[in-house]
Every structure is written in structure tokens, then in C-alpha cells.
Amino acid sequence: MAPPLTTRARAKVNLDLRVLGRRADGYHELESLVAFAGVGDTLSLDPGADLSLTLAGPRSKGLAADDGNLVLRAARSLAAARPGLRLGRFHLVKRLPVASGIGGGSADAAAALRLLARLNGIAPGDPILREVATQVGADVSVCLDSRARLMAGIGEKLGPVLRLPPLFGVLVNPGVGVETVGVFRALGLKAGEVTSEARAQNLAAPASAADLLGYLATTSNDLAAPAQRGAPVIGEALDRLAALPGCRLARMSGSGATCFALFDDCASSAAAAKALQRERPGWWVKPTLLS
Ligand SMILES: C[C@](O)(CO)[C@H](O)COP(=O)(O)OP(=O)(O)OC[C@H]1O[C@@H](n2ccc(N)nc2=O)[C@H](O)[C@@H]1O
Ligand SMILES: Nc1ncnc2c1ncn2[C@@H]1O[C@H](COP(=O)(O)OP(=O)(O)OP(=O)(O)O)[C@@H](O)[C@H]1O
């Protein structure tokens with residue numbers, strides 16, 4: 001029997017996030033520099049006639065392997081677009097906190113599309129993958145190849161891949177689930193309202209980590225304030241991160257509650273993660289390279 005096909009579903013980190021306005025359909029136009037972490041879920045696919053999903057892993061509790069799971073939603077959407085698509089049994093090892101601003105579900109959906117593409121001889125660059133990804137969720141498209149780049153529109157417009165200098169990060173989730181829809185709503189924008197101009201379209205890959213940190217210091221995450229109003233513990237996570245020795249930047253990712261901090265080297269990020277985990281044993285704390 002052939003071994004199952006396997007892929008990683010890496011966490012997405014929004015290094016910055018500007019909300020530019022709200023479209024007539026209610027979705028928000030964004031501009032965000034996105035990077036990917038070394039930590040993630042693992043998805044495998046055992047080819048077979050019927051589509052199914054099983055779950056395991058430290059973060060699978062509370063997540064259902066039902067039709068609402070983004071792995072099955074992505075598979076069904078691709079099957080609808082490609083009649084006759086070969087399917088199979090998916091197995092997801094869930095390590096990323098659910099509803100946490102690091103796109104775990106989106107990464108899983110993108111991973112499902114990659115595995116089905118491999119099984120069915122669909123080329124990674126086939127436009128059908130991008131089309132289906134965009135239907136499944138705003139973040140799924142950027143997770144298809146999980147490379148650092150600028151993301152715009154509602155998440156469907158992707159800039160060229162950026163080779164970022166290595167970033168030594170720590171990811172922290174203070175244990176609260178945050179629903180993306182509520183955070184966007186809390187911005188209070190009216191349909192059709194424009195709040196700011198696009199700014200970063202011509203962003204070139206920064207030559208050094210210092211250049212990138214310099215750029216990031218001029219930006220922010222516009223969703224942090226509304227997310228913190230709903231979940232004040234996010235403010236505590238940001239304060240704890242900022243107080244760690246060697247922290248160069250502490251910021252929330254996506255719609256929260258996961259926050260990240262950046263350090264100059266691997267030893268500093270590892271020491272910081274260890275110290276924070278000791279201080280807050282109930283929080284999810286991961287030192288990781290962002291690229
Ligand atoms: C905040 C980010 O994580 C930044 O990367 C993403 O924009 C969110 O992406 P996502 O979780 O894949 O979002 P979806 O599952 O497509 O949308 C969830 C809900 O968030 C709101 N939403 C999402 C994306 C967007 N650009 N504008 C929105 O207003 C919509 O109300 C939508 O119903
Ligand atoms: N495989 C999956 N993994 C995680 N969440 C899933 C999955 N399938 C469905 N969901 C549902 O999707 C919603 C969003 O989960 P996810 O973990 O992707 O949020 P997120 O990290 O905030 O995403 P983003 O950063 O893209 O906004 C949750 O309400 C969750 O119940």
C-alpha cells in the first residue's frame with residue numbers, strides 16, 4: 001500500500017495589518033505583510049474513494065471533524081470545481097490553537113488543496129487552486145504556498161514572494177479564542193467606507209532584519225485595539241512580550257489573540273520563550289523562526 005501524502009500547515013503571522021476600508025459586501029480591504037512560522041499542523045491524505053477526516057494532536061479538543069471543518073470544506077469546494085476528483089481519508093494533527101489569528105484553519109484548508117492537487121496531478125500554479133482557496137476563506141490563498149509576501153484586497157491579492165531576513169520570533173496565545181468576524185465588526189466601519197490609502201504595494205524585500213524592524217516600527221495592526229477591547233488578556237500578552245529581554249517588537253497577529261515578539265538571535269528568542277512559559281504555564285508559547 002502506498003504511504004499517505006503528507007504536508008505541513010504552517011502558522012501565518014501578520015507582521016503588520018492595515019485596514020483600508022469596508023467594501024459594499026461587508027468585507028474589509030486590508031494590506032498586510034505576512035510571514036510563516038516553523039510551527040504548524042500536519043495533514044495527511046490516504047487516497048480512497050470516500051472523503052473523510054480524523055483528528056488528533058494537542059489542539060484537536062473542541063474541533064469537530066464535521067462538514068464545517070475547513071479541510072473538508074476545501075476538499076468539497078475543489079471536488080465541485082473539478083468533477084471526478086480523486087479524494088481520500090484526511091488525518092489532521094492539530095497543534096495550532098483554534099481561532100487564534102495565525103490562520104490554522106486556513107493553513108489546513110490550503111494543505112488539503114495541495115494534497116488533492118498532488119494526488120490528482122493538478123500543477124501547484126493551476127489557477128483553480130487560487131479560485132477555490134479564495135472561496136473557502138480570505139486567508140487560504142496566501143497559505144497555499146506559505147511564503148512571505150504582501151497580502152491585499154480581502155486577502156486574495158498577493159504580492160511577489162519576499163525573501164525576508166531570518167526573524168527569531170516567539171508566538172504566544174493567552175488561551176482565549178477570538179472570532180474574526182466580531183473583531184472586524186468592532187471596527188464599526190460602514191459598508192463602502194474608506195479609511196486609509198494603500199501604502200505598501202511597492203515594498204521591496206528588506207536587506208537585513210534591522211531594515212525590516214525599522215519598517216515594522218512605522219506600522220501596526222489595526223485590529224489590535226478592537227480585539228483587546230473584547231479580550232483584555234491580549235494587552236497582558238503584549239506587555240509580557242515587550243518586557244522580555246531583547247524583545248525588538250511585540251505585536252498581535254491577524255484578529256488575535258496570538259501575539260508575536262521578534263528578537264535578534266535564536267538564543268534570545270529561546271530564552272524569552274522559556275522565561276514566559278515559566279511565568280504563564282497555561283499560555284501557548286512557541287519560539288520559532290519566521291520566514
Ligand atoms: C484577519 C486575517 O486573519 C488577516 O490575515 C484575515 O483577514 C481573516 O481571514 P479568515 O479568517 O480566512 O477570514 P474568513 O473566514 O474569510 O472570514 C471571517 C469573517 O471575517 C470578516 N472578514 C474577513 C476578512 C476580511 N478581509 N474582511 C472581513 O470583514 C468577515 O465578516 C468574514 O465573514
Ligand atoms: N481545521 C480547522 N482548524 C481550525 N479551525 C477550524 C478548522 N476547521 C474549521 N475551523 C473553524 O474556523 C474558525 C477559524 O479558525 P482558525 O483557527 O483558522 O482561526 P484564526 O487563526 O483566527 O484564522 P485567521 O488568522 O485566518 O483569522 C474557528 O471558528 C474554527 O472553529
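Student: How many nonpolar, polar and charged residues does the shell around ligand 1 have?

Tutor: Sort the shell by class and count each group. Here the shell around ligand 1 holds seven nonpolar residues, 10 polar ones and one charged one. Keep in mind that this is a predicted model.

Student: Which residues are closest to ligand 1?

Tutor: Ligand 1 is surrounded by 18 residues, and the closest are Gly137, Ala138, Asp139, Ile154 and Gly254. Next, look at the elements behind the shell: strand E3 (28-48) and helix H5 (180-186) are those that give two or more residues to it.

Student: What values does the predictor give for confidence in this model?

Tutor: Take the chain, then the complex. The protein chain has a mean pLDDT of 96, with 99% of its residues at 70 or more. For the complex, the predictor gives an ipTM of 0.97 and a pTM of 0.97.

Student: Into which domains is the protein chain divided?

Tutor: An automatic or database assignment sets the bounds. In this chain they give domain 1 (5-158) and domain 2 (167-290). The C-alpha centres of domain 1 and domain 2 are 21 Å apart.

Student: Why does ligand 1 lie between the domains?

Tutor: See which domains contribute to the shell. Domain 1 and domain 2 both give residues to the shell around ligand 1, so ligand 1 lies between them.

Student: How many residues of domain 1 are in contact with domain 2?

Tutor: Each side of a contact is counted separately. On this boundary, 30 residues of domain 1 are in contact with 40 residues of domain 2. On the domain 1 side, strand E1 (5-14), strand E2 (18-22), E3 and strand E6 (149-153) each give two or more residues. E3 gives the most to that side, with eight residues. By class, the side of domain 1 that touches domain 2 has 18 nonpolar, eight polar and four charged residues.

Student: Which residues come nearest to ligand 2?

Tutor: Read this shell as you read the one before. There are 19 residues around ligand 2, and Leu70, Gly103, Gly105, Asp139 and Gly254 come nearest. Helix H1 (70-81) and helix H2 (104-120) each supply at least two residues of this shell. H2 gives the most, with four residues. The shell around ligand 2 has six nonpolar, 11 polar and two charged residues. Domain 1 and domain 2 each provide at least three residues of the shell around ligand 2.

Student: Which residues does the UniProt annotation "binding site" cover?

Tutor: An annotation comes from a record, here an unreviewed UniProt entry. The residues under "binding site" in that entry include Pro97, Ala99, Gly103, Gly105 and Ala107. Two of these can be compared by surroundings.

Student: Is Ala107 buried or exposed?

Tutor: Ala107 has 29 other C-beta atoms within 10 Å, so Ala107 is buried. Ala107 is part of helix H2. With neighbours within four places in sequence left aside, the contacts of Ala107 are Ala9, Arg10, Ala11, Lys12, Gly40, Asp41 and Cys143.

Terms used:
Residues numbered from 1 in each chain as written. Chains lettered and ligands numbered in written order. Predicted model: local features only at pLDDT ≥ 70, side-chain atom pairs only at ≥ 80, totals over all residues. Near = placed C-beta within 6 Å. Nonpolar A, V, L, I, M, F, W, Y, C, P; charged D, E, K, R; others polar. Contact = placed C-beta atoms within 7 Å. pLDDT = per-residue confidence, 0-100. UniProt positions renumbered as here; feature names shortened; annotations may be inferred. Buried ≥ 20, exposed ≤ 12 C-beta atoms within 10 Å, placed from the backbone.
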